[in-house]
Amino acid sequence: MLKLSTTLMAAVAAVTLALPATAQIQDRTIRVSNGVNQDHPVGNGVTKMTQCMAERSGGRLKLQAFWGGALGGDLQATQALRSGTQEMVITSSSPLVGILPDLGVFDLPFLFANEREADRILDGEYGKYIADKLPAVGLVNLAYWENGFRNLTNSRRPVTRLEDFQGIRVRVMQNNIFLDTFRAVGSNAVPMAFQEVFTALETRAIDGQENPFVTIDTSKFYEVQRFLSVTKHAYTPFLVLYSKRLWDQLSAQEQTILTECAIQGRDEQRRVSRELSERSLASLRQRGMQINEVSPQEAARIREAVKPVYERHAATIGKETVDRMQAELAKLRAN
Ligand code: TK8
């Protein structure tokens, strides 16, 4: 009896070893939701990631994407990940600060000077430092993609000086740092989920909103907004998140494929985002938006006005998280 079971075990072990690598990969359709529309560069990233997964898994791992908040808003979808009822979401970090306060660091106004800085921070040590905090709240970050530098639109007046922000009702993401930033320049900030923004602009419940050119364009805000100011007041990354609960049910090989393909998707997504940015701006102008540049002097005044936001939020974000960011940026800028 003993001998038989030993033989059996040896046989099982031999079969397991002999199995092709694909045996570690199951047929899976992974749902991924987004607040943006499919013609946003996130669509290019998802296509690239899907191709990569198909190649690497022998066609077993598939993505099923939902656009325009079809599965609910970013925050709602992220909560579904935490409870294990949805696999993936590609979301701005900003609405998630209630889940992980450290994510608020990316919302500090005028944090990154350019895309190169953003890439270096997000893809380096610092991005890993933040990502390592996510499993504790039920989330796994596969990569940082790009939403981009944000700019103000509104239907009231051209905004070119600090004083022009006064009294404008601006929708902000559900996040105290953005709220405070817009209050600091005298606007009435109204926190709101992204899918409600178009209608709120259309009905004039709010006067303005802020997002990168590409998002303004692909979400058709030009239909309900007249003025665009090139404020570049913040850069928001997208997190490519997986449900920790469901992640733990994947094989190591499936996890590797997803991680590596999310990075391939990232490179394509950022490439398209940057290529499209100026074209989106031109298209917004062509569709009748008035584009206003902010002079360097006014930009400096605006920066000065929002400076207290750093102080006020260092504690809520976490002192170590803010200090480390500033140290990393100083290091980058010294080189
Ligand atoms: C898209 C959002 C959006 C974000 C916002 O899902 O809420 O304004 O910038 O683009 O992540």
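Is the disulfide of Cys52 and Cys261 left-handed or right-handed? Hi everyone, let's work that one out together. Please keep in mind that we are looking at a predicted model.

Let me start with the bond itself. A disulfide is a covalent bond between the sulfur atoms of two cysteines. In our structure the count comes to one disulfide, and the bond runs from Cys52 to Cys261, with an S to S distance of 2.0 Å. Now for the answer to my opening question: the torsion about the S-S bond is about -70°, so this disulfide is left-handed.

Where do the two cysteines sit? Cys52 belongs to helix α2, which covers residues 41-57, and Cys261 belongs to helix α10. The two cysteines are 209 residues apart, and the pair links distant parts of the chain. If you look for them in the structure, you'll find that both Cys52 and Cys261 are buried.

The crossing of α4 past α10 is right-handed.

Which residues in α4 and α10 meet? On the α4 side we have Glu115, Asp119, Leu122 and Asp123, and on the α10 side Arg266, Arg270 and Arg274. Sorted by class, this contact holds six charged residues, one nonpolar residue and no polar ones.

Technical notes. Residues numbered from 1 in each chain as written. Predicted model: local features only at pLDDT ≥ 70, side-chain atom pairs only at ≥ 80, totals over all residues. Heavy atoms only, no water. Left-handed = near helix turned anticlockwise from the far one by under 90°. Helix = DSSP H or I, 4+ residues; strand = E, 2+ residues; numbered from the N terminus. Contact = heavy atoms within 4.5 Å. Nonpolar A, V, L, I, M, F, W, Y, C, P; charged D, E, K, R; others polar. Disulfide = S-S within 2.5 Å. Buried < 20%, exposed > 50% of the residue type's maximum accessible area, 1.4 Å probe, protein only.
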